[in-house]
Amino acid sequence: MGQGKKLFIKTYGCQMNVYDSERMAEAMGTRDYALTDRPDDADMILLNTCHIREKAAEKVYSELGRMKALKVGRPDLKIGVAGCVAQAEGAEIMRRAPMVDLVVGPQSYHRLPAMSDALARGERALDTDFPEEDKFAHLAARPKAQRAPSAFLTVQEGCDKFCAFCVVPYTRGAEVSRPAARIIEEARDLVERGVREITLLGQNVNAYHGHDGGLAGLIRDLAGIDGLARIRYTTSHPNDMDDALIAAHGEVEQLMPYLHLPVQSGSDKVLKAMNRKHTAESYLRLIERIRAMRPDILFSGDFIVGFPGEDEADFDATMDLVRAVHYGQCYSFKYSTRPGTPAAERPQVDEDAKADRLKRLQSLLGEQQRASQDAMIGREVGVLFEKPGRRAGQMGGKSDHLHAVHVQADVAPGTLSRVRITGSAANSLSGELI
Ligand code: SAH
Ligand code: SF4
Ligand code: F3S
């Protein structure tokens, strides 16, 4: 020990990867690695990758191409690939990219320190098992350092839903929930270190079953932690929004009025082909029920255009659904063929049609985002301040509705204040402290 090596991690993909990267950094702390934000300064580089769309996966190989140059002058530099590309492609990465020393799948991060010992002996290491043991239980305890006011906490991993377009069930494996007691312990520890907002993460977070009362039960227990001011959760599946969770939105003060609830399409024909197991109508009814509990809640969603078999009438149904919901913010994508998923084998929609539909959808979603921001002007909102804004003297944070808000004032990070919204720009709001 004591040599003080440096680790650089580049994170792609979803928030679960962000959380995993933190935990990998902590695990490597046990081997005397400290994080650096400079790849050219690192003894080890880890790419924590995403396989969700073709572009995401291709990025990894182009990044590895660039890293090759770094390795030329520094033969001791170790390069590792983690995350969903590691899981999906495994040994193929080592074959295609000989400069890669280590490949580790998302369920094996607790084995990373031991794998790095193998690298130190000059070996290459590969582990893409789905081991029986819980990786979180075997990962190093989180160090006691002070933390930013907002933190992620993974409570559930994996997915059993098998949407016909999606790689996640293959890269992350079956649904597994962490025991509630461990999550509560980790949350208490985060709060002791300055965290005031926790976002519970899972590929299907509302399928969480590590608590007798499901996700709602866990949220109610977390709400009892002194000093934890805000709770959020993502990503939810419409079919797992049970009555208890809907009720929690009306009853748990700490649960914030923002919900990411992906629907993917507004056409029942496409939803069926996607294996989503819900209809446009059932989704709209669900939205109504949640709004009845929490009228000011903002929804966000995910959409895929150009799924195999989607025609103009199906796309129109998606536009109609968007108009009916009125979202606060959304993510939308062209369907991307993923090897090994059922939809990859079907006749594909023409690229130009996909591009055209995406443009029309994004223009509508952009209007809705703008309208939902403009509607905040004149309102009083809670803001959790996190870090200085771009301009001098500015402080920025997130509103209850997850809007980025900045004020011209000196406020300490971690302060939760009331703010009157005075302006709305492209992706943020401005306001004044009350
Ligand atoms: N568990 C989450 C989604 C994870 S992937 C959920 O069920 O919502 C995030 C988003 O990526 C998905 O909601 C979907 O809109 C998009 N996505 C997934 N696979 C895709 C593909 N093959 N092509 C395009 N977009 C995809
Ligand atoms: Fe993918 Fe569907 Fe599972 Fe979400 S619910 S992770 S989109 S298979
Ligand atoms: Fe990507 Fe894996 Fe997350 S494929 S979106 S990093 S679960």
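**Helix packing and ligand shells in a predicted model**

Visitor: At what angle do helix 8 and helix 9 pack?
Guide: In this predicted model, the axes of helix 8 (residues 180-192) and helix 9 lie 10 Å apart. Helices here are DSSP runs of H or I of at least four residues, and strands are E runs of at least two, numbered from the N terminus. With axes as lines fitted to C-alpha atoms, for helices over the stretch in contact, and angles running from 0 to 180 degrees between N-to-C directions, helix 8 and helix 9 pack at about 35 degrees.

Visitor: Which residues of helix 9 make the contact with helix 8?
Guide: Contact means heavy atoms within 4.5 Å. Helix 8 contributes Ala 180, Ile 183, Ile 184 and Ala 187. From helix 9 come Leu 218, Asp 221 and Leu 222.

Visitor: Is the crossing of helix 8 and helix 9 left-handed or right-handed?
Guide: A crossing is left-handed if the near helix is turned anticlockwise from the far one by less than a right angle, and right-handed if clockwise. For helix 8 and helix 9 the crossing is right-handed.

Visitor: How is helix 9 oriented relative to helix 10?
Guide: Helix 9 (residues 214-223) and helix 10 (residues 243-251) pack at about 30 degrees, with axes 7 Å apart. Angles under 35 degrees count as roughly parallel, over 145 as roughly antiparallel, 65 to 115 as roughly perpendicular and the rest as oblique. Helix 9 and helix 10 are therefore roughly parallel.

Visitor: How many residues around ligand 3 are charged?
Guide: The shell, with a heavy atom within 4 Å as the criterion, holds Cys 14, Asn 17, Thr 49, Cys 50, His 51, Ile 52, Cys 84, Arg 172 and Gln 203. Ala, Val, Leu, Ile, Met, Phe, Trp, Tyr, Cys and Pro count as nonpolar, Asp, Glu, Lys and Arg as charged, and the others, Gly among them, as polar. Around ligand 3, four are nonpolar, four polar and the charged number one.

Visitor: How many helices and strands does the protein chain have?
Guide: Residues are numbered from 1 along each chain as its sequence is written, with chains lettered from A and ligands numbered from 1 in the order in which they are written. Local features need pLDDT of at least 70, side-chain atom pairs count only at pLDDT 80 or more, totals for chains, interfaces and linings use all residues, and side-chain values use heavy atoms, leaving out hydrogens and water. The protein chain has 14 helices and 19 strands.
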